[in-house]
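Please look over the aromatic side chains in this structure. A short note on them is set out below.

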Amino acid sequence: MADWLGRQRCQRGNGSGGAGGGSGTRDRPAALRARGSSRVMDISLEKMVDPTLAEMGKNLNEAMKMLEDNQRKAEEENEKKYAPRDIPGPLQGSGQDMVSILQLVQNLMHGDEDEEPQCSRLQNVGEQGHMALLGHSLAAYISVLDREKLRKLTTRILSDTTLWLCRLFRYENGSAYYHEDDREGLLKICRLVIHTRYEDYTVEGFNVLYNRQPVIYISAACRPGLGQFLCNQLGLPLSCLCRVPCNTMFGSQHQMDVALLDRLIKDDMENEKLPLLLVANAGTPGAGHTDKLGRLKELCNQHNMWLHVEGVNLATLALGYISSSVLAATKCDSMTLTLGPWLGLPAVPAVTLYRHEDPSLSLVAGLTSSQPVEKLRALPLWLSLQYLGLDGIVERIKRASQLSQRLLENLKKLDFIKTSVEDELTSPVVVFKFSKELSSLGTDKAGHGTVVPTMQSSTTSQERDICDTFNQWLGEQLAQLVPASGVDVVELEDEGTCVRFSPLMTSAVLGTQADDVDQLVVCLKTQIPILTCTIQLREEFKEEVGRTTGLSHIEDLGWPGLGVVRYEHIIEEKINEKSEAEVEKINTEILKKLNELESDLSFSLGPEFGRQKNCIYIGMATEDLDISELVETIAATGREIEENSRLLENMTEVVRKGIQEAQVQLQKANEERLLEEGVLRQIPVVGSVLNWFSPVQASQKGRTFNLTAGSLESTELTYASKVQGTGATPPPTPLANRTKQRLPGQKLFKRSLRGSDAFSETSSVSHIEDLEKVEQAASAHPGGEEQGIPNLNSTEQQTGDALSRATDQIEAIPRDGSQHLDNDCTQVEEQESLR
């Protein structure tokens, strides 16, 4: 028996254990293994002599089958719960075909059909762009090559690209680091300098920096957030960052103050700090100015500091003629080049060129890598540079500089335009702004605007805010009207809001041509008169609003337009939530009616996230705008809307009181009728017999509601006069003539041309005759509407509607017998009250 039980355990372990069986058992499905094991168990139990043991064995076998089946069902349910339903749709099934995937990408790029089309700048990807995109695909394909072949190929690509860039941008004996983020190169340079100046930094780490704190100097005109980025990535406190101001008294307002930098360095050295690195600009991010790189390099050599240069003007190093200030950048220790925007190459890396003698420190700092795959970053640039060639590269940069010069020459001929130019011959960036002071200060004998290098003025803070607002509007309008120009709005510390034209960063991508520059100048000429007139009329509009009852002027320096006005609700009690809601309703109605008028002005509720509410924002104005007519129209429209609203409220109250009075009078009339008729006539059967033998002679006593007096009156006089059905219509209410007569086709809010220089001797007669015809037509139809002016007086219609509703409520009052109000009399009295 013991041997048999041992054999049964072995058979059960090999058949149903699964994991502990042999290879043949593991290859079969679990269900087959379970059935095979059960069959062997049943045969063995039948051969047993003891029936008790056989019965126990059968019961055990059935219990094990039940447990295994339940476990298998639970596993299948878990698989069904997890697999396809929890994974996003595109991954379900056996995968998607290439066409479906590309269609999905196209929909994501261009947006859904339901969305409104947005005007966005699309990159002009030409053949050179296709070469750059091909480089990324080739880099992925080359990465699977044999390691030795991959090493040789990446070495060749990296060395060729570095040599070409150093020769092209006059940076001899330099090394190159290729990176995606244009700030990453400067970050690796900082790590290289830290390892160079702190010999024990690799071993002791931050302890060395704590004993002698490093200092990184950057210009106040550098791009925002650069210093914070370096400190965060290097693990340095912000006290290691020193912002050097630009010149405040002498020289350009955008160049770093060299004398002040020298004093700051000496102060830091006295405080036992270590001057580490200086970041200079060859083309500031805002205005494109270049620091005095020659003097800065001498100062860095004096204090053993590293000089790093970046900026858009570095692109001009590839040209045959460059300024001496930019040429000094070739002597710096490192520079960062952003070739993608300059040459119109998509997805190519930025390049940081540097000079350093110790390759081991460059490897520690991350400027070089032993991984061949990382060296393939230069492959897209390697292909693109070969495709463009030297002539193609120089031609693109030269064309961008010529576009800047073309725009600058045209801006010199415009009034009210200030330009900020450091070097007119080689400046690749043009920054200009609209300024009203040039009307008297910045014009020459020919009447043209002059170039003001520093663009300083003695304007007040409020005037500068207004000027910034209008320049913001001007930049947005020019970018919308001429999108190929690539102009944008920039905020400068001294000049405020300006418009920037930087073709080196946009022309290769947007395909900017000379015609686009000419179109930009034409659009600018058309916007200058609008800006000038609007600024001049703002003060007149403010004064006119202040003299008008019911209107209040809201000072909003951030609104580029004529101004902001609000119609105040004229009430005696204090301002509460209800009155504020009424003010909002009235101003909304005024805005709706103003937008229905035919005029050149734009009316709106202002910016979406503006601070002022319940206001009417008026847009840009023209020279012939009649401010008094505009303000009077707004005030008259608000008064009419408010009077109509009050009339409806008063009429509602009068009608409500009249209904209550009618109910009281009808109740009294019923009581008097009961006294006159007696009690017997109120009994159903007896009353009918009495009324048949002796009818009650009672006259009908109707009631009419006098809306003017607000009281109920008897209809006896109406029946006596017999005036039902006369059909007389009330005379029309004359429209208040708040606007002056205008010529045919003349829009609202325009000054009249009568008596002006615009009328010649031959044409003035016909215009006057037309005006007289308009006046005669207006006098012949006093109840009509003037041309372009909708009838805002809708009191009669609203009064009739309210009266009709009140009459329905009075007639709905229950009455008995002969005391009903006569409907015909009520209608007649309605007509009488309207008269």
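The points that follow cover ring pairs, then charges over rings.

1. Ground rules. This is a predicted model, where local features need pLDDT of at least 70, side-chain atom pairs count only at pLDDT 80 or more, and totals for chains, interfaces and linings use all residues. Residues are numbered from 1 along each chain as its sequence is written, and side-chain values use heavy atoms, with hydrogens and water left out.

2. Ring pairs. Rings of Phe, Tyr and Trp (its six-membered ring) pair if their centres lie within 6.5 Å; planes under 30 degrees apart are stacked, over 60 edge-to-face, the rest tilted. The count is three aromatic pairs. One of them is Phe 169 with Trp 342, a tilted pair at 6.2 Å centre to centre and 50° between the planes.

3. Where that pair sits. Phe 169 is in the loop between α7 (147–168) and β1 (175–179), and Trp 342 is in helix α15 (residues 339–343). The two are 173 residues apart, so the pair links distant parts of the chain. Helices (H or I, at least four residues) and strands (E, at least two) are DSSP runs, numbered from the N terminus.

4. Burial. Phe 169 is buried, with a relative accessible area of 1%. Trp 342 is buried too, also at 1%. Buried means under 20% relative accessible area, exposed over 50%, partly exposed in between (1.4 Å probe, protein chains only).

5. An edge-to-face pair. Trp 559 and Tyr 617 have ring centres 4.9 Å apart and planes at 70°, so they count as edge-to-face. Trp 559 lies in the loop between β12 (551–554) and β13 (563–567), and Tyr 617 lies in strand β15 (residues 616–618). Both are buried.

6. Charges over rings. Arg 183 lies over the face of Phe 229, 3.9 Å from the ring centre. Arg 355 lies over the face of Tyr 171, at 3.7 Å. The rule asks for NZ of Lys or CZ of Arg within 6 Å of the ring centre and within 35 degrees of the ring normal.
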